[in-house]
Amino acid sequence: MAIISEDDLIQSVADALQFVASYHPADFIAHLAESYRREESPAAKDAIGQILVNSRMAAFGRRPICQDTGVATVFMKVGTGARLDTRRSLQDIIDEGVRRAWREESNPLRASMVAEPLFDRRNTGDNTPANLHVELVAGDLVEVHVAAKGGGSENKAKFATLNPSDSVVEWVLRTVEGLGAGWCPPGLLGLGIGGSAEKAMVMAKEALFEPLDMQALKARGPRTKLEELRIEICDKVNALGIGAQGLGGLTTVMDVKIRTFGVHAASLPVGLIPQCAADRHVHFTLDGSGPASFVPPSPDLYPEIVLAGAGTARRVDLDRLSREEVASWRAGETLLLSGRLLTGRDAAHLRMTRMLAAGEALPVDLRDRAIYYVGPVDAVRDEAVGPAGPTTSTRMDKFVEPLLAETGLLVMIGKAERGPAATESIARHGAAYLIAVGGAAYLVSKAIRSSRVLAFADLGMEAIHEFVVEDMPVTVAVDAAGGSVHRDGPALWRRAAAG
């Protein structure tokens, strides 16, 4: 009988979460490198290149790949012949591992979890609780799969109960097309088909942990109907032309994983969970001999990357922004931002709009300023700020009109598309929306020279900061005339795929 100590399990979970925060799986790097090699869309190729450069930098610097260090998700298979030497619950033990990982002084991770979902939504400060799934299996070992799932991709999870005669492929295509780019492609799709509502969604999550093999599968050809289905969905999703970051291109997904289970004859439940470019998970086994250890991927996996040069970009002084200059920007154009940049996310936007509605003065003057939708990781060593990539902008859509109309705000920066109402408001007020590359948080942070909190310090990472940036690369996603790169780019590459 294997006796697994409480300390070994806690330390293994903590070390696993620290490991996945900084290292992509080797198979993901290899598939992303091949996508970079094949990509023909210049904008998408540069976005993939930034993600790869960011991955390499994070690995060498032992810093988070993404500022959203994710929800800790743990799947355990406990052998009936194994014994855990503890008097505490598994949830308490796993949460202790999460707490230890997030409070690691050399590489602190961003606490994103709130204690309860409905009312005060107070941040727990240590990223607990973890989402824990446990299964009793034969044997005397404890197998653990640890993942960190970001909110941007998790928010795009979908479920449907189809009729048995319905097409799963058609449902997936409709669903993915409706997701937009907020889940931060290129990435993966996990599908759970069968069982029941909860079973399908858990299978979809577990499917994302399987080794990537789409390139090898296509090279040798499918041997089963399930493999045929995987290839069909992968090819048809990529033919939608969504591309990296929704900019239009050849690769939206690098692999499609499917798990199935027996189902009631009247039902066809299907769960879909996308995985973003910050693919973070690792598997380990405990046999009583000590905590798990983890081996980083080889640096040789990374290809040579040539990012878009500064010579083709327009430099912008954020301290001298004017409506005339913003009106001259065009969707798809690359800018390099320097100067003072405000930050603000969901909680800060909600508080500001409530203050405006109550006739109260805001603590920060937004007139002719730019605001960046970001919740940065705490700085370490000589950093001005930790990894600081953009969050999904559509969550701030409902705040666009009041802020533009009542404060004189000129520019917003985030990731993914804006909704129709937000796009119309941006055009009506002569403002602009810019995007940074989601999945390149450590790379983006290197353009930030200093950071200070200006307002709402109680909101933690959601407080309003003021960054001083130098040559921060962004793309004009919605210009002052209403032109949208997320509308035009995918449409162009979809036509190319159909032609």
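Two strands count as paired if DSSP finds at least two bridges between them. Helices (H or I, at least four residues) and strands (E, at least two) are themselves DSSP runs, numbered from the N terminus. With those two ideas in hand, let's walk through the chain. This is a predicted model, in which local features need pLDDT of at least 70 and side-chain atom pairs count only at pLDDT 80 or more, while totals for chains, interfaces and linings use all residues. Residues are numbered from 1 along each chain as its sequence is written, and side-chain values use heavy atoms, with hydrogens and water left out.

Axes are lines fitted to C-alpha atoms, for helices over the stretch in contact, and angles run from 0 to 180 degrees between N-to-C directions.

Contact here means heavy atoms within 4.5 Å. In the loop between α6 and β7 you will find Pro186, which is joined to Pro185 by a cis peptide bond with omega of about 10°.

Now move to another open sheet of four strands, ordered β4-β2-β5-β10 and also with mixed pairing. Its edges are β4 (131-137) and β10 (281-286); each has a single partner strand, so one side of each is left without a neighbour in the sheet. Strands of a sheet pair through backbone hydrogen bonds, either parallel or antiparallel. In this sheet, β5 (residues 142-149) and β10 run antiparallel and are joined by six bridges, with Val142 opposite Leu286 in β10. Helix α1 lies across β2 (71-79), β5 and β10, at about 160° to β10.

Buried means under 20% relative accessible area, exposed over 50%, and partly exposed in between (1.4 Å probe, protein chains only). Arg121, at 49% relative accessibility, therefore counts as partly exposed. Further along, Arg381 has a positive phi near 50° and lies in the loop between β13 (370-372) and α12 (397-407). Its relative accessibility is 62%, so Arg381 counts as exposed.

What lies inside? A nonpolar core is a set of buried Ala, Val, Leu, Ile, Met, Phe, Trp, Tyr and Cys residues joined through side-chain atoms within 4.5 Å. The largest one has 86 residues, among which Phe284 and Met412 touch the most other members. Helix α1 (residues 6-22) gives the most to this core, with nine residues. Leaving aside neighbours within four places in sequence, the contacts of Met412 include Ile371, Tyr373, Val400 and Leu404.

With a relative accessible area of 3%, Val469 is buried. Arg340 is 129 residues away in sequence, yet the two C-alpha atoms are 6.5 Å apart.

How many disulfides does a search of the whole structure find? The search finds zero, a disulfide being a pair of cysteine sulfur atoms within 2.5 Å. For Cys234, the nearest cysteine sulfur is that of Cys276, 17 Å away. The sulfur of Cys276 is 5.8 Å from the closest cysteine sulfur, in Cys184, which is too far for a bond. Cys234 is buried at 1% relative accessibility, and Cys276 is buried at 8%.
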